[in-house]
Amino acid sequence: EIVERYASRVENRTYMDVAEKVEKTTSLLKQYGHEKVADEARRLYYGYAVKYDPADEFVDRHKVLAVEKLFYRDLPWGPRYSGRADLVLEAADGVVIVDHKTARARDAEWNEGWILDPAQIGLQWLVEREYKHVAGYYINGVIKTVRLSPRDDFPRLFFASEKRLIREWLDMMRYRHVEHQNARLAGYPPNFSNCLTRRGEGFRRCRWFNACALGLRPTAKLLPSL
């Protein structure tokens, strides 16, 4: 629903049109018994609208080039890679990608982890093929922190594009490709070193432990973790 606000700009619709669609969607969800989901989506949409209306830097300082667009590009060694951008904006120094992310809480890891997020780096590589220079990307957060009353947060974190990280992402993707080829040639053997992982003072079983150890089907009930 939040992305719909920006689609309305491209399609020359007003925010009132979007609000009407939100109300219709909410009503439909409730008819099918999804009251909690409907109420939360409605609350978040209007919370976001209040924070970024009437001024919204995404449309006041940029031109909206694309909304929810799927990009394709062939990796240098053959396979095709794809990704979807929620928004692509035109700025003075290049295009900017916007991706919306939801979370129940916001901490340092959430704030900083997007710098090395493979999906965000890969999306830059995809988008630059069509729009040439990518200046960076926004993580448009929707933090659903609900206590006695709604205290939602809608942070916008910007990360400048780094060519080094894109090159290293391509190296990582090539490594994974070669690793997959080797696994296929070897008949996809199990990796017993990952069957048990340390957790505090004990260990935790891999979810497929029974399949490898006991020959049970992966859908069979697992033994409790240690």
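This is a predicted model: local features need pLDDT of at least 70, side-chain atom pairs count only at pLDDT 80 or more; totals for chains, interfaces and linings use all residues.
Biologist: What makes α2 count as a helix of the expected span?

Modeller: Helix α2 runs over residues 15-31, which gives it 17 residues, and from its first C-alpha to its last it reaches 24 Å, close to the 24 Å expected at 1.5 Å a residue. Following α2 comes G33, whose phi is positive, near 85°.

Biologist: How do you know that the buried residues of α2 line one face of the helix?

Modeller: The residues in question are V18, A19, V22 and T26, which are buried. Seen down the axis of α2, the buried residues fall within an arc of 100°, and therefore they line one face. In general, an α-helix has 3.6 residues a turn, so residues three or four places apart point the same way.

Biologist: What do these buried residues pack against, and which exposed residues does the face turned away from them carry?

Modeller: The buried residues of α2 pack against α1 (2-10) and α3 (35-52), while the face turned away from the buried side carries the exposed residues M16, K24 and Q31.

Biologist: Why is the pair K144 and E40 called a salt bridge?

Modeller: The rule asks for a side-chain nitrogen of Lys or Arg within 4 Å of a carboxyl oxygen of Asp or Glu; the closest N and O atoms of K144 and E40 are 3.9 Å apart, so the pair is a salt bridge. This pair links distant parts of the chain, with K144 in the loop between β4 (134-143) and β5 (156-160) and E40 in helix α3, 104 residues apart. Both K144 and E40 are buried.

Biologist: What places R73 and E128 under that rule, and where in the chain do they lie?

Modeller: Their closest N and O atoms are 3.6 Å apart, and with the limit set at 4 Å the pair therefore forms a salt bridge. R73 lies in strand β1 (residues 63-74) and E128 in helix α6 (residues 118-131), 55 residues apart, so that distant parts of the chain are linked. Both R73 and E128 are buried.

Biologist: Why are R164 and E162 called partly exposed?

Modeller: Buried means under 20% relative accessible area and exposed over 50%; R164 has 41% and E162 has 36%, so each counts as partly exposed. R164 forms a salt bridge with E162, the closest N and O atoms being 3.4 Å apart.

Biologist: How many salt bridges does the rule give, and which residues do shared partners join into one network?

Modeller: The count comes to 20 salt bridges, and those that share partners join R5, D56, E57, R61 and R156 into one network.

Conventions
Residues are numbered from 1 along each chain as its sequence is written. Side-chain values use heavy atoms; hydrogens and water are left out. Helices (H or I, at least four residues) and strands (E, at least two) are DSSP runs, numbered from the N terminus. The expected span of a helix is 1.5 Å times one less than its number of residues. Buried means under 20% relative accessible area, exposed over 50%, partly exposed in between (1.4 Å probe, protein chains only). The arc is that of the directions from the helix axis to the C-beta atoms. Contact means heavy atoms within 4.5 Å.
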